[in-house]
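Subject: Structure handover and findings

Hello,

Please find the structure below.

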Amino acid sequence: DLGCNGMGIPIGKLSLYCAAGGIAPHRVLPVVIDVGTDNEELLNDKFYLGVQKPRLQGSKYYHLVDEFIQAVRHRWPNVLIQFEDFSSDKAQKLLNKYRDDILCFNDDIQGTGATTLAGVLGALRAKGELPTSLGDQRILIAGAGSAGIGVAQVLYQAMLEHGRSEEEAKNCFFIADEKGLLGTERLDQLSPEQAMFARDTDGGLSLNEIVNKHKPTMILGMTAVGGLFSEKLIRDMDKHCERPIIFPLSNPTIKAECSAEQAFEWTDGRCIFASGSPFDPVQLKDGRTFYPTQCNNMFVFPGIGLGVTLCGAKTVTDRMLYVAAEALANYLTEDELSQGKVFPDLSTIRDVSKKVAIAVIEEAIRTGQASRLDEKALADLDAFVQKKMYDPVYVPLIEKKA
């Protein structure tokens, strides 16, 4: 939902499906929804190619999106629809409406959530803890938009998966927006998804106040506010936690809540770090070198797309997101963990996507969703997925001699 100037985004995402996920280029279709613009400059620009009318709102907007979805599913009944870059006020509503009925997922909400979960599980491994210790963490999320809440939802589901009660899982979260910690006194201003994580006490506390009172073990930044994580904030967190997990996930680099160099310097190399933007290796004054890794959705969504389409799944379930994250986290080697990495090397992306796809297919089989697999495929999923992955290599042409 970016208007005609946003076509580069779906093209870029689908390029990753092809290159990283092994989906053949002729099986993908980039689509932008253009429902007008509220940008005055574009409304008055005679060269603007998009619809030069104010954006559709309310029921008319949702009717148009529904018309598109019905049409594309009429043409391709088994299509996977990926929602990308829908505004926070619309993204969750659309996902809730369609997720249980058709094959779709929202990358900003679910893809970001699954990738972050994989990073968090990797970080727990780096600390020498089991994945089940996720429910013992105190998680501060800066940013209560669709990405921040999406990450909270996926982490919450993972805690339930590990046997925690709903109340135990909810108590792990401290989510703050520009007005401070989400509290129940603001329920009338919050979406149902935000309200789920609103706390009964301490509503409105600042990030610094949350850190000093509740002593979080990890902080996740999804605010797009560059430099939000101050030196005092990180040093205070380091004081309360032996190995703090610090994930400034906003991008581009200028909008990152802190840099890798700042995080490692302010914690004297004790933190476990991943970011939404790429950062160079960091060398501290004592000679130690750390290799920050990027928490990039491309580690997850191509494999999910590959898995659900190959096996003929009808929906993308929460547990598929969990097993995808688990497969990604388990791909990390001990050597990579020792270097401070919580995501695998980008050069392994196609193999990562294959492992994610296999995990998703196995979950679809477990729940009776795998409608398109024969006995040969079931006997060797690895070989089946490998054979189905498109390889971007030209077939050699041999000229016949007369």
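Lys-354 and Asp-351 form a salt bridge, with the closest N and O atoms 3.7 Å apart. A salt bridge here is a side-chain nitrogen of Lys or Arg within 4 Å of a carboxyl oxygen of Asp or Glu. The two residues are three apart in helix H15, so about one helical turn separates them. Lys-354 counts as buried at 8% relative accessibility, whereas Asp-351 is partly exposed at 29%. Buried means under 20% relative accessible area, exposed over 50%, and partly exposed in between (1.4 Å probe, protein chains only).

Before the rest, the ground rules. This is a predicted model: local features need pLDDT of at least 70, side-chain atom pairs count only at pLDDT 80 or more, and totals for chains, interfaces and linings use all residues. Residues are numbered from 1 along each chain as its sequence is written, and side-chain values use heavy atoms, with hydrogens and water left out. Helices (H or I, at least four residues) and strands (E, at least two) are DSSP runs, numbered from the N terminus.

The structure holds 25. Glu-231 and Arg-235 meet in one of them (2.8 Å, N to O). They are four residues apart in helix H10, about one helical turn. Glu-231 is partly exposed at 36%, and Arg-235 is partly exposed at 40%. Arg-319 and Glu-363 form another (2.7 Å, N to O). Arg-319 lies in helix H13 and Glu-363 in helix H15 (residues 349-366), so the pair ties together parts 44 residues apart in sequence. Arg-319 is partly exposed at 27%; Glu-363 is buried at 4%.

Now a charge without a bridge. Arg-199 sits in the loop between helix H8 (192-195) and helix H9 (207-214). Arg-199 is buried yet has no salt bridge. Which side chain of opposite charge is nearest to Arg-199? Asp-202, 6.0 Å away. For charges, Lys and Arg count as positive and Asp and Glu as negative; His and the chain ends are not counted. The Arg-199 side chain does reach the backbone oxygen of Asn-171, at 3.3 Å. Residues touched by Arg-199 include Phe-173, Phe-174 and Leu-181 (contact: heavy atoms within 4.5 Å).

Next, the sheet. Seven strands form an open sheet in the order S5-S4-S3-S6-S7-S8-S11, with mixed pairing. Two strands pair if DSSP finds at least two bridges between them. S5 (180-181) and S11 (293-294) stand at the edges with a single partner strand each, so one side of each has no neighbour in the sheet. S3 (residues 139-142) and S6 run parallel, joined by four bridges. Ile-141 has Leu-220 as its bridge partner in S6, and Ala-142 has Gly-221. S6 and S7 (residues 245-248) also run parallel, with four bridges. Leu-220 is partnered by Phe-247 in S7. From S6 the chain crosses through helix H10 (residues 231-240) to S7, in a right-handed β-α-β crossover. Right-handed means that, with the strands pointing away from the viewer, the path from the first strand over the helix to the second runs clockwise. In S6 (residues 218-221), Met-218 and Leu-220 point one way and Ile-219 and Gly-221 the other; all are buried.

Last, Ala-329 in helix H13 (residues 318-331). Ala-329 is buried at 3%. Ala-118 and Arg-125 are among the residues Ala-329 touches.

Best wishes

Conventions. Polar contact = N/O pair within 3.5 Å; in protein donor to acceptor, adjacent residues only side chain to side chain. Lists of a residue's contacts leave out its neighbours within four places in sequence.
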